[in-house]
Amino acid sequence: MKFCRFSEDRLGLIDGDRVIDISDALAELPDLRWPLRPGDELIWHLDAIEKKAASLMPGALAYDLASVALKSPVANPSKIIGAPANYDDHLAEAMSDQGIAHGRSKPKLGEWGLFLKANSSLIGPGEDIKIKFLDRRNDHELELAVVIGKIAKDIPAASAIDCVAGYAIGLDMTVRGSEVQSFRKSLDTFSVIGPCLVTRDEVPEPNSLDMHLSVNGQIRQSSNTRLLRMNVEELIAFASSFYTLYPGDIIMTGTPAGVGPIQPGDTIVADIQNIGEMTVAIT
Ligand code: MN
């Protein structure tokens, strides 16, 4: 299933160029009391939501996908994890461009660990990316986003795929500079997830997905997740060795080559095989 959150926090299923409104499935979620447990309640209850959604689909209202504003399908992750330098061709372009490297030297695999992006940076494709620092270089990074489906701690790579709820297209937006990643990549609107959460059963080969990103119709990034240095399962194992992962946690798996600056007025179109396509405006 392809779950999306749209307009006034409605829950939908994307079906081609339509959104089927299955918001009544949200009745499956419990009344919440403080303190909330970590993670996203929709993902905690995804099995029940899927069953309810299937029963609601016949007769449900549908809208044109183009007519709704898509938000992040994950509303409340406990964290957004980033993977630096996870494609060789991006590492090569970064090391040959001081506008990206800012004096950093080439890391060995895993040497930079992972980084965290502020949850407050998270938006969906229907919400514009807002450039705050016009005098700095602001880059797009196209990434496969993995959404965790259950509590995961010290998970070996061999069983890591069982921890995945699904996948989405991710944009790890970045201010280039010498500051640490969590600072430069956590501005409001600098984490985009969309157009939907595609459940794991619909993505049998997450480490073999074509991906593309264009800016104003010009292709900038074109790659495949088979070129990941740490693949999906290895990233989950690595992340879960340092952090407990909770349902709804997002791992942005890293960007291939072709990153580049964007500015207000630009439009990004991004697609990943088995997931779909999303259009995001820059303001
Ligand atoms: Mn990135």
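For sorting linings, I count Ala, Val, Leu, Ile, Met, Phe, Trp, Tyr, Cys and Pro as nonpolar, Asp, Glu, Lys and Arg as charged, and the others, Gly among them, as polar. This is a predicted model, where local features need pLDDT of at least 70 and side-chain atom pairs pLDDT 80 or more, while totals for chains, interfaces and linings use all residues. Residues are numbered from 1 along each chain as its sequence is written, and side-chain values use heavy atoms, with hydrogens and water left out.

**Metal site.** I found the manganese ion coordinated by E141 (OE), E143 (OE) and D172 (OD) at 2.0 to 2.1 Å; donors are N, O and S atoms within 2.8 Å of the metal (3.2 Å for Na, K and Ca), and water is not among the atoms, so the site may look incomplete. E143 sits in strand β10 and D172 in strand β11, 29 residues apart (strands are DSSP E runs of at least two residues, helices H or I runs of at least four, numbered from the N terminus). I noted both E143 and D172 as buried, meaning under 20% relative accessible area with a 1.4 Å probe, protein chains only.

**Cavities.** On a 1 Å grid over the protein atoms alone, a cavity is a set of points where a 1.4 Å probe fits but cannot get out, and lining residues have an atom within 4 Å of a point. The largest cavity is lined by 23 residues, with H90, W112, E141, R176 and Q181 nearest its centre. I sorted its lining into 10 nonpolar, 6 polar and 7 charged residues. Helix α3 gives the largest share of that lining, 4 residues.

Notes: Buried means under 20% relative accessible area, exposed over 50%, partly exposed in between (1.4 Å probe, protein chains only). On a 1 Å grid over the protein atoms alone, a cavity is a set of points where a 1.4 Å probe fits but cannot get out, and a pocket is an open set with protein on both sides within 12 Å along at least five of seven lines; lining residues have an atom within 4 Å of a point.
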